[in-house]
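I opened the notebook to look up a few things in this structure. The entries follow in the order in which I made them.

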Amino acid sequence: MASVQTTPVYSFNANQKNTTKKIEADFAFLWRESAYGEIADGVAFGEAKTFNKFKKKDFDRMRVIAKNFPGAILVFSTLRKNLTSFEIKELKKLANV
């Protein structure tokens, strides 16, 4: 038996500690999964595009989130069937942070 609970936040905005810089994502959610007595939980942040392409500023925003929330899951969501070579390159760089 498995159970997943989420608490979503749409259009996530926060202030970075000790700066005037903003942290921004299209959505965020807290999650908790329990299965067979084991519990895992965390936070996820996402950037969403319907059919538009992800731009440099989108990846830059997610890098800021990755640095401020170590261990968070980063989600890039689109309805397009394929990513551009630029998007793939940027995702690879982000995955190696």
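**Entry 1: burial.** I call a residue buried when its relative accessible area is under 20%, and exposed when it is over 50%. The model is predicted, and I read each entry below with that in mind.

**Entry 2: the partner of Glu87.** I asked which residue forms a salt bridge with Glu87. I found Arg80, with the closest N and O atoms 2.5 Å apart. Arg80 has a relative accessibility of 17%, so Arg80 counts as buried too.

**Entry 3: helix 2.** I looked up the helix that holds Glu87. Helix 2 covers residues 85–95. In helix 2, Glu87, Glu90 and Leu94 are buried. Seen down the helix axis, the buried residues of helix 2 fall within an arc of 70°, so they line one face of the helix. I then asked what the buried residues of helix 2 pack against. They pack against helix 1 and strand 4. On the face turned away from the buried side I noted the exposed residues Ser85, Lys92 and Ala95.

**Entry 4: Arg63.** I went to helix 1, where Arg63 is found. Is Arg63 buried or exposed? Its relative accessibility is 18%, and because the cut-off for buried is under 20%, Arg63 counts as buried. Arg63 forms a salt bridge with Glu90, and the closest N and O atoms are 2.7 Å apart. This pair links distant parts of the chain, with Arg63 in helix 1 and Glu90 in helix 2, 27 residues apart. Leaving out residues up to four places away in sequence, I listed what Arg63 touches: Glu90, Lys93 and Leu94. Two of these names came up again when I looked for a network of salt bridges, which links Lys56, Asp60, Arg63, Glu90 and Lys93.

**Entry 5: salt bridges in the whole structure.** I asked how many salt bridges a search of the whole structure finds. The search finds ten. One more that I wrote down is between Lys49 and Asp58, with the closest N and O atoms 3.4 Å apart. Asp58 has a relative accessible area of 0%, so Asp58 is buried.

**Entry 6: aromatic pairs.** I ran the search for rings next. It finds eight aromatic pairs in the whole structure. Phe45 and Phe69 form a tilted pair, 4.7 Å from centre to centre and with 45° between the planes. Phe45 lies in strand 3 and Phe69 in the loop between helix 1 and strand 4, so the pair ties together parts that are 24 residues apart in sequence. I compared the two for burial. Phe45 counts as buried at 1% relative accessibility, whereas Phe69 is partly exposed, with a relative accessible area of 27%.

The rings of Phe54 and Phe76 have their centres 5.3 Å apart and their planes at 85°, so this pair is edge-to-face. Phe54 is in the loop between strand 3 and helix 1, and Phe76 is in strand 4, 22 residues apart.

**Entry 7: Phe54.** I stayed with Phe54. Its relative accessible area is 4%, so Phe54 is buried. I asked which residues Phe54 is in contact with, leaving aside neighbours within four places in sequence. Among them are Lys49, Phe59, Phe76, Arg80, Phe86 and Glu87. Lys49 was already in my notes for its salt bridge with Asp58, and Arg80 and Glu87 for the salt bridge between them. Ring pairs also link Phe54, Phe59, Phe76 and Phe86 into a cluster. I checked Phe29 as well: the C-alpha atoms of Phe54 and Phe29 are separated by 21 Å, and the two residues are 25 apart along the chain.

**Entry 8: strands 2 and 3.** Last, I looked at the strands. How do strand 2 and strand 3 pair, in the parallel or the antiparallel sense? Strand 2 (residues 22–35) and strand 3 (residues 38–49) pair in the antiparallel sense over nine bridges. Glu33 stands opposite Ala40 in strand 3. The hairpin of the two strands has two residues between them, and in this hairpin Tyr36 takes a positive phi near 50°.

Notes:
Residues are numbered from 1 along each chain as its sequence is written. This is a predicted model: local features need pLDDT of at least 70, side-chain atom pairs count only at pLDDT 80 or more; totals for chains, interfaces and linings use all residues. Side-chain values use heavy atoms; hydrogens and water are left out. Two strands pair if DSSP finds at least two bridges between them. Helices (H or I, at least four residues) and strands (E, at least two) are DSSP runs, numbered from the N terminus. Buried means under 20% relative accessible area, exposed over 50%, partly exposed in between (1.4 Å probe, protein chains only). Contact means heavy atoms within 4.5 Å. A salt bridge is a side-chain nitrogen of Lys or Arg within 4 Å of a carboxyl oxygen of Asp or Glu. Rings of Phe, Tyr and Trp (its six-membered ring) pair if their centres lie within 6.5 Å; planes under 30 degrees apart count as stacked, over 60 as edge-to-face and the rest as tilted. The arc is that of the directions from the helix axis to the C-beta atoms.
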